[in-house]
Amino acid sequence: MDITNELINDVTVLKLGGRFDAYAAPAVEKFLQKTMGDGRPRNLIVNLAQVNFVDSTALATLVIGMKHYRQQQGELLLCHLQQTVRIIFELTRLDSIFAIYATQEEALERAQQSLSEKN
Amino acid sequence: MSSQSELNNTIWLDFPASLKYLNVLGSCITALLTHVKRLPDPETTAYNIQLAVHEIYTNCALHAYGNKPEAGRISISLLIDPDERFLKINLIDTGIPFNERLAVDPDLNEIHIHGYGLFIARQLLDTVSYQRLDNKNSWLLIKYFLSA
């Protein structure tokens, strides 16, 4: 799968592309671990616009990431879920647990707002 | 349906127990479903079946074989019945027996990290059944197609 990231106003945006499945999940987990190292509150947006498949292992990776970010007073936000990809979040009711935004701009706005509340 | 008719319509796939080829399995299922002329909401139906089969396959590779491709193979048969009423898929591995204690549905009021795979497959298919036969794990999956 394709993994790229950029820093926008102190918020890391992780862009994934292709299949986010049990085969691809370790690479994403590795990235998440790298970004969580120093204990500073951080926010991460995972942009799933180009992800065409998500399985339960990918879901587990995102849940672990979300828990770690919350432990560090940060947030992991998701955006741009394709309709078919949304199904797995709805079936597991994790759509009500994750902060999911329609666009990256909306997610960025929320992430920056939460950072300024903490500073 | 006669067994000869079943045989004439059955596709056999045989994978090393590796997650690397999950995308190949997914593509095969999607391509096979293009043969169903009146598949309702083809994109979503194909995606959901692919996801469900994928979860069972991953379970075989990770749990039956401990994520070791050299540990064995996963044999898969796919059959669309000639009247296009259902898709039947059988996955067989020779790994360690499935722990049926893992078959409990997760409490959706709690956040879990593991335990969603089988639950997802059950939600998306009409039949998900497991048997231990001749020292093999055998999963039978069936999805009925409602008329479009």
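This is a predicted model: local features need pLDDT of at least 70, side-chain atom pairs count only at pLDDT 80 or more; totals for chains, interfaces and linings use all residues.
Residues are numbered from 1 along each chain as its sequence is written, chains are lettered from A and ligands numbered from 1 in the order in which they are written, and side-chain values use heavy atoms, with hydrogens and water left out.

Chain A contains an open sheet of five strands in the order E1-E2-E3-E4-E5, with mixed pairing; helices (H or I, at least four residues) and strands (E, at least two) are DSSP runs numbered from the N terminus, and two strands are taken to pair if DSSP finds at least two bridges between them. The edges of this sheet are formed by E1 and strand E5 (99-101) of chain A, each of which pairs on one side only. Neighbouring strands of the sheet are turned by 25 degrees against each other on average, direction ignored, where axes are lines fitted to C-alpha atoms, for helices over the stretch in contact, and angles run from 0 to 180 degrees between N-to-C directions. Strand E1 (residues 2-8) and strand E2 (residues 11-20) of chain A run antiparallel and are joined by seven bridges, and A:Ile8 has A:Val11 as its bridge partner in E2(A). The hairpin of E1(A) and E2(A) has two residues between the strands, and in this hairpin A:Asn9 takes a positive phi near 50 degrees. Strand E4 (residues 75-79) of chain A, by contrast, pairs with E5(A) in the parallel sense over three bridges, with A:Ile100 in E5(A) as the bridge partner of A:Leu78.

Helix H3 of chain A lies across strand E3 (43-54), E4 and E5 of that chain, running at about 115 degrees to E3(A); contact here means heavy atoms within 4.5 Å. A:Gln83 is placed in this helix, which spans residues 83-91, and A:Gln83 counts as exposed at 59% relative accessibility. For such assignments, buried means under 20% relative accessible area, exposed over 50% and partly exposed in between, with a 1.4 Å probe and protein chains only.

Chain B also contains an open sheet of five strands, here in the order E1-E2-E3-E5-E4 and with antiparallel pairing. Its edge strands are E1 (10-16) and E4 (127-133) of chain B, each pairing on one side only, and neighbouring strands of this sheet are turned by 15 degrees against each other on average, direction ignored. Eight bridges join strand E3 (residues 86-93) of chain B to the antiparallel strand E5 (residues 136-144) of chain B, and B:Ser138 in E5(B) is the bridge partner of B:Ile92. Helix H3 (residues 42-64) of chain B packs on the sheet, where it touches E1, E2, E3, E4 and E5 of chain B, and its direction makes about 10 degrees with that of E3(B). Helix H2 (residues 22-33) of chain B lies across E1, strand E2 (73-80) and E3 of chain B, running at about 170 degrees to E1(B).

With a disulfide defined as a pair of cysteine sulfur atoms within 2.5 Å, the count over all chains comes to zero. B:Cys60 is accordingly in no disulfide, the nearest cysteine sulfur being that of B:Cys28, 16 Å away. B:Cys60 is buried, with a relative accessible area of 1%, and A:Cys79 likewise counts as buried, at 0% relative accessibility.

Between the chains, 24 residues of chain B are in contact with 24 residues of chain A. The two chains bury about 2,100 Å² between them, 70% of it on carbon and sulfur atoms; buried area is the accessible area (1.4 Å probe) that two parts lose on being put together, summed over both. In chain B, B:Tyr47, B:Ile111 and B:Ile113 lose the most area to chain A, together 32% of what that side buries. The count of salt bridges between chain B and chain A is zero, a salt bridge being a side-chain nitrogen of Lys or Arg within 4 Å of a carboxyl oxygen of Asp or Glu.

B:Ile111 lies in the loop between E3 and helix H4 (117-124) of chain B and is partly exposed, with a relative accessible area of 28%. Not counting residues up to four places away in sequence, B:Ile111 touches A:Val63, A:Met66, A:Lys67, A:Leu94, A:Ile97 and B:Tyr116. B:Asn48 and B:Ile120 are 72 residues apart in sequence and 9.3 Å apart in space, C-alpha to C-alpha.
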